[in-house]
Amino acid sequence: QVQIAESGGGLVEPGGSLRLSCTASGRALRIGIAAWYRQAPGQQREQVAAQTSGGATNYADAVNGRFTVSRDSSKSTIYLQMNNLQPEDTAVYYCNIREVRLGRPLTDHWGQGIQVTVSS
């Protein structure tokens, strides 16, 4: 059984930074695609950042240049560094770890969601 734990959210002023972490525990797993999503009130969940196992990254236009997705495979952890945060970044952020085995997708593991609020 894999457990996913997110941390690092909170309240920050416009222009500030936060780093979200997402750690898988319970058993060893190989991370394929590491992704972050967010959902603002009344809106659909959207992907904001993703990284393949080869290191290629993709970002939503709204966060490109401000957010960075990364991983530490030895710790089964993925990160989202968020800089120059703006009020429109306020949302619940979810991590998604796509587990792979022998190079093939196995299971998507989701975090419980963590609140990020950007306000003065």
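Which residue lies over the face of Y94? That place is taken by R45, at 3.7 Å from the ring centre. A charge counts as sitting over a ring if NZ of Lys or CZ of Arg is within 6 Å of the ring centre and within 35 degrees of the ring normal. R45 also lies over the face of W110, here at 5.1 Å from the ring centre.

A word on the ground rules. The model is predicted, with local features needing pLDDT of at least 70 and side-chain atom pairs counting only at pLDDT 80 or more, while totals for chains, interfaces and linings use all residues. Residues are numbered from 1 along each chain as its sequence is written, and side-chain values use heavy atoms, leaving out hydrogens and water.

Because Y37 belongs to strand β4 (residues 30-39) and W110 to strand β10 (residues 104-110), the pair ties together parts that are 73 residues apart in sequence. Strands here are DSSP runs (E, at least two residues), numbered from the N terminus. Y37 is buried at 19% relative accessible area, whereas W110 is partly exposed at 38%. Buried stands for under 20% relative accessible area, exposed for over 50%, and partly exposed for anything in between (1.4 Å probe, protein chains only).

Strand β4 runs antiparallel to strand β5 (residues 46-51), and five bridges join them; two strands are said to pair if DSSP finds at least two bridges between them. Across this pairing, R38 stands opposite E46 in β5. The β4-β5 hairpin has six residues between its strands, and G42 in the turn has a positive phi of about 75°. A40 also lies in the loop between β4 and β5, and is buried with a relative accessible area of 17%. Setting aside neighbours within four places in sequence, A40 is in contact (heavy atoms within 4.5 Å) with T90 and A91. Between A40 and D108 there are 22 Å in space, C-alpha to C-alpha, and the two are 68 residues apart in sequence.

β5 goes on to pair with strand β6 (residues 57-59), antiparallel over three bridges, with Q51 opposite T57 in β6. This hairpin has five residues between its strands, and G55 in the turn shows a positive phi of about 100°. A further antiparallel pairing, over six bridges, links β9 and β10, where V100 has P105 in β10 as its bridge partner. The β9-β10 hairpin has two residues between its strands.

What about phi outside glycine? Most residues other than glycine have a negative phi. L102, in the loop between β9 (91-101) and β10, has a positive phi of about 55° although it is not a glycine. S76, in the loop between β7 (67-72) and β8 (77-82), also has a positive phi, near 50°. L102 is exposed at 84% relative accessible area, while S76 is buried at 12%.

β7 and β8 also take part in an open sheet of four strands, ordered β1-β3-β8-β7 with antiparallel pairing. The edges are β1 (3-7) and β7, each with a single partner strand, so one side of each has no neighbour in the sheet. Neighbouring strands are turned by 15° against each other on average, direction ignored; the axes behind this are lines fitted to C-alpha atoms, and angles between N-to-C directions run from 0 to 180 degrees. Inside the sheet, β3 and β8 pair over six bridges, and T23 has T77 in β8 as its bridge partner.

Finally, the core. The largest nonpolar core has 30 residues, and those with the most contacts inside it are L20, W36, I78, L80, M82, Y93 and I97. Such a core is a set of buried Ala, Val, Leu, Ile, Met, Phe, Trp, Tyr and Cys residues joined through side-chain atoms within 4.5 Å. Elements giving two or more residues to it are β3 (18-25), β4, β5, β7, β8, β9 and β11 (114-118). Beyond neighbours within four places in sequence, L80 is in contact with residues including L20, W36, V48, F67 and Y93.
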